[in-house]
Amino acid sequence: MALALCVGLVACSAEATTDPSEATKPAATSSASPDASPTVGTAPTPNAGSTDPDQPVVKVERAGQSEAPSVTADPADTDEPVEYGDDVSVRIDDVSFAAETSQGPGSFPGREYARLTLSIENGSTDPIDLGTSVLTVLDASGAAAVRVYAAEADTVDFAGALAPGDTATASYAFAIPADARDEVTVVVDFDGEHTSAVFRGGLD
């Protein structure tokens with residue numbers, strides 16, 4: 001009986017000391033303001049996690065790919081092809097410049113971008129799966145340029161299987177201001193068997 005009375009007194013005391021207004025206060029929330037800068041990339045560390053200067057961006061992890069790429073190629077200038085020992089080659093065919101005009105959420109009217117058209121020629125005897133291709137453009141400091149998906153950029157990614165003897169073409173756009181185009185690194189990671197095609201130089 002005494003124990004029950006003690007418990008009841010403690011409960012009453014707790015209710016009496018609780019501020020009823022606390023129950024109606026909304027839970028505290030925090031929100032981070034998104035980076036609204038249209039030209040700043042993800043700013044990875046130099047070499048984007050890679051310690052190999054000839055492979056400045058870490059390869060994409062692909063399902064079923066447990067070994068390092070077995071076919072290699074040296075980096076090339078932006079106006080020359082990257083050529084592999086199995087007769088696969090990657091080339092930057094065309095570069096054009098414009099500014100975004102789209103309006104609406106996620107758009108940056110007036111943002112300058114570079115549109116790169118690339119081709120991959122499969123001179124090997126095996127098909128190449130281009131479905132996991134990733135293109136990265138690094139500026140002189142090693143920061144990654146932001147992809148531009150505006151409709152007027154008319155971009156088309158590499159996709160599907162590239163049969164022996166065939167050539168695939170794709171176009172990508174990146175937010176690269178005019179004063180940052182003289183020194184870039186373009187990295188084309190197109191499959192798991194080949195090292196990434198690396199281009200260094202200017203875009204013009």
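A: In this predicted model, Phe97 stands opposite Ala114, a residue of strand β4. Strand β3, which covers residues 88-99, is joined to strand β4, residues 112-122, by eleven bridges, and the two strands run antiparallel. In general, the strands of a sheet pair through backbone hydrogen bonds, and they may do so in a parallel or an antiparallel way.

The pair β3 and β4 belongs to an open sheet of four strands, whose order is β2-β3-β4-β8 and whose pairing is antiparallel. Because β2 (82-83) and β8 (167-174) stand at the edges, each has a single partner strand, and one side of each is therefore left without a neighbour in the sheet.

Between β2 and β3 the chain passes through a loop, and Asp87 is found there. The phi angle of Asp87 is near 75 degrees, a positive value in a residue that is not glycine. Asp87 counts as exposed, because its relative accessibility is 53% and the cut-off for exposed is over 50%. A positive phi, of about 55 degrees, is also found at Asp154, again a residue other than glycine, and Asp154 is placed in the loop between β6 and β7 (161-162).

Now turn to Ser133, which lies in the loop between β5 (128-129) and β6 (134-138). Ser133 has a relative accessible area of 14%, and since buried means under 20%, Ser133 is counted as buried. If its neighbours within four places in sequence are set aside, the residues in contact with Ser133 are Arg62, Phe158, Tyr172, Asp189 and Phe190. Phe190 is 57 residues from Ser133 along the chain, yet the C-alpha atoms of these two residues are separated by 4.1 Å. A polar atom of the Ser133 side chain lies 3.4 Å from the backbone oxygen of Phe190, while the backbone oxygen of Leu130 lies 2.8 Å from a polar atom of that side chain.

Of its 204 residues, 35% count as buried. Among the contacts with a separation of 6 or more, 71% are made by residues 24 or more positions apart.

Definitions and conventions:
Residues numbered from 1 in each chain as written. Predicted model: local features only at pLDDT ≥ 70, side-chain atom pairs only at ≥ 80, totals over all residues. Heavy atoms only, no water. Pairing = 2+ DSSP bridges. Buried < 20%, exposed > 50% of the residue type's maximum accessible area, 1.4 Å probe, protein only. Contact = heavy atoms within 4.5 Å. Polar contact = N/O pair within 3.5 Å; in protein donor to acceptor, adjacent residues only side chain to side chain.
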